[in-house]
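Hi everyone, thanks for making time this morning. I'd like to walk you through one structure, so please have a look at it with me.

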Amino acid sequence: MKLHEYQAKHIFSRFGIPVPKGKIANTASEAKQIAAELGGKVVIKAQVLVGGRGLAGGIRLAKNPSEAETLSAAILGMEIKGLPVQRVLVDEAASISKELYLGITVDRVLRCPVIIASSTGGVNIEEVAQTTPQKIIKVPIDPLLGMRDYQARELAVGIDLPRDQWRAFIEITRNLWNIYTSQDATLAEINPLVLTKDNTLIALDGKITIDDNALPLHPDLAELRDLDAEVPEEIEARKYGLSYIKLNGSIGCLVNGAGLAMATMDIIKLQGGEPANFLDIGGGASADRVAAALRIILQDKNVKAILINIFGGLTRCDEVARGILTAMGEIKPQVPIVIRLVGTNAEEGLKLLAGSNMSTAETLLEAAEKAVSYARGGEHGDPG
Amino acid sequence: MAILVNQDTRLIVQGITGHEGLFHAGQMLAYGTNILAGVSPGKGGSWEMQEKIPVFDSVKLAVEATGANTSVIFVPARAAPDAIYEAAEAGIGLVVCITEGIPVLEMLRVSAYLQNRKTRLIGPNSPGIISPGIAKVGIIPGHITTRGPIGIISRSGTLTYEVLNALKRSVIGVSTCVGIGGDPIIGNSFIDLLPLYEEDPDTDKIVLIGEIGGSDEERASEYITNNMTKPVVAFIAGRISPPGKRMGHAGAIIEGSSGSAASKIQTLENAGVKVARHPEEVVDLIA
């Protein structure tokens with residue numbers, strides 16, 4: 001789960017990482033008020049969970065409170081990469097002498113956390129890594145030992161930080177490490193970490209991503225979830241314990257298992273169609289879960305056909321078929337449906353479905369072919 | 001003799017008194033797996049499975065009493081890291097963790113802890129291991145596969161079953177199938193298991209089932225180029241998955257420029273691996 005910049009900065013501040021004075025505003029007049037309190041120049045920053053806010057015009061400098069109001073009004077009406085801006089952060093403007101990068105993430109190859117620093121901050125670090133890899137310093141951390149100060153010093157040396165800043169930099173790095181471990185983050189990043197003209201280090205922008213698997217351990221963080229920033233179908237799916245991701249195609253997918261769900265999307269594409277979603281219904285495709293999944297898929301008006309692909313391992317296909325029939329009776333979908341049941345008791349399951357107006361398929365390839373043809377308005381088994 | 005799980009497997013089930021643990025212990029026993037004991041703290045001294053399997057309070061006690069060499073973990077995510085440490089400490093050689101939902105940071109510690117120990121960890125978030133016709137450890141259904149010369153290593157669950165089933169339909173059997181788990185940090189990866197298959201007289205060819213996220217497939221490609229003489233066929237799920245989204249599995253995410261299916265398929269093909277376009281095509285490529 002990604003946190004907003006203002007949420008990340010609250011955590012920074014709580015853990016002793018200096019951040020600019022600032023407050024969150026829901027309206028332009030609130031922004032004006034905050035700007036007046038802060039006095040002088042402020043930065044108005046759109047709070048959306050996507051990168052590239054600056055380029056999209058979502059970050060603007062205001063010279064006085066009335067300009068803060070005008071700019072906030074404009075930013076609060078914006079959409080950035082499809083996400084409406086609901087809040088702006090009004091921060092005291094900093095006098096920047098140098099922009100650095102400091103972040104902690106997981107290295108999946110080394111199987112340990114890595115702290116990354118760069119003398120080039122304020123830009124996409126992935127791009128820096130590609131264009132000027134020599135400007136990226138990485139220090140792997142033993143997860144059993146934790147970060148030691150010498151490792152932060154190694155980073156400071158690596159990015160040519162002036163010696164008088166080492167102490168402050170080590171403390172910031174240690175505090176960021178404490179955030180990373182205590183909050184179960186998978187990413188904790190300060191970008192840019194700014195050296196100001198009066199020679200202090202300050203976190204001008206920040207990103208924290210919390211490990212979804214650890215959210216049950218951190219109810220306070222789970223509460224920070226911004227439901228406005230999410231697709232409504234994805235929120236509803238989470239309630240039912242379904243894993244759903246909305247895409248832009250016309251074929252709804254209902255599959256048990258994440259890998260099989262991805263493979264099903266891929267084969268739809270291979271057959272010339274476009275999937276409308278990823279949906280993993282998980283183990284045991286009961287009527288309740290199938291019904292919930294169908295409801296969620298059908299909320300997407302682009303869906304012109306649905307492909308149900310269930311592998312019965314320990315779940316028996318005849319049980320799944322009954323679940324599907326019950327769910328169909330309840331939902332009465334108006335789009336053609338192709339069902340493929342494989343594995344345990346698949347024949348019995350298919351027999352049960354034979355009386356319905358749903359089309360069945362034996363192989364995955366055949367199922368995808370049928371779904372693609374139905375989505376294009378082709379012949380299908382639905383007499384209604 | 002089959003790799004990892006075979007006639008010598010002496011299994012204990014950690015979390016045997018839970019719903020999942022009990023059900024799958026029954027399935028494993030019915031398949032012919034040699035289950036010697038269960039572990040459930042606080043329930044030591046009781047018996048499960050029609051009084052056939054004794055329950056112990058700790059792995060150590062279970063190992064002392066039975067000489068178990070393998071463990072399978074069915075405990076909830078919160079207790080699972082502890083269960084892994086406990087099994088390793090008690091000298092278990094092979095630990096298979098079925099549990100899904102362990103935080104990454106916990107797994108980083110587990111992984112570091114195991115680095116200098118002789119315990120091999122499969123999973124977490126793994127469906128387990130099956131050597132068809134001999135024994136199974138975990139939840140892979142027994143009846144969807146038969147014994148034969150194909151080795152399988154997979155990051156997935158039902159997608160693996162799909163391939164096992166497709167192979168069986170074409171009367172192709174499997175030597176050992178290992179589900180390595182769908183999490184970003186797992187015990188053994190492809191490169192840890194490929195050498196076992198290369199040495200295994202029961203295995204002629206290997207199927208590798210990967211997916212987006214991380215670079216385990218890229219590292220496997222390098223290993224295959226340098227070390228494998230047996231043919232390898234692959235399938236990679238997630239060709240059209242959008243970047244930045246976790247596709248069900250915690251480890252299935254394209255981060256920045258890394259972890260895309262295209263990159264994995266390209267490097268595998270460069271290593272001489274035939275990559276199937278869809279799961280059923282694996283059968284045509286392996287035959």
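At what angle do helix H11 and helix H12 of chain A pack, and how far apart are their axes? Before I answer, some housekeeping. This is a predicted model, where local features need pLDDT of at least 70 and side-chain atom pairs count only at pLDDT 80 or more, while totals for chains, interfaces and linings use all residues. Residues are numbered from 1 along each chain as its sequence is written, and chains are lettered from A and ligands numbered from 1 in the order in which they are written.

Now the answer. H11(A), residues 317–331, and H12(A), residues 346–354, pack at about 25°, with their axes 7 Å apart. Helices here are DSSP runs of H or I with at least four residues, numbered from the N terminus. Axes are lines fitted to C-alpha atoms over the stretch in contact, and angles run from 0 to 180 degrees between N-to-C directions. Because angles under 35 degrees count as roughly parallel, H11(A) is roughly parallel to H12(A).

Which residues make that contact? On the H11(A) side they are Cys317(A), Asp318(A), Val320(A), Ala321(A), Arg322(A) and Leu325(A), and on the H12(A) side Ala346(A), Glu348(A), Gly349(A), Leu352(A) and Leu353(A). Contact means C-beta atoms, placed from the backbone, within 7 Å. By class, there are 7 nonpolar, 1 polar and 3 charged residues in it. Here Ala, Val, Leu, Ile, Met, Phe, Trp, Tyr, Cys and Pro count as nonpolar, Asp, Glu, Lys and Arg as charged, and the others, Gly among them, as polar.

Let's move to where the chains meet. 46 residues of chain B are in contact with 43 residues of chain A. On the chain B side, the elements giving two or more residues are helix H4 (104–114) and H5. H4(B) gives the most, with 7 residues. That side has 22 nonpolar, 16 polar and 8 charged residues.

And H5(B) itself, residues 158–169? How many of its 12 residues are buried? The count is 10, with Tyr161(B), Glu162(B) and Asn165(B) among them. Buried means 20 or more other C-beta atoms within 10 Å of the residue's own, exposed means 12 or fewer, and partly exposed lies in between.

Last stop: Glu64(B), in helix H2(B), residues 59–66. Glu64(B) is partly exposed, because 13 other C-beta atoms lie within 10 Å.

Terms used. Contact = placed C-beta atoms within 7 Å. Parallel < 35°, antiparallel > 145°, perpendicular 65-115°, else oblique.
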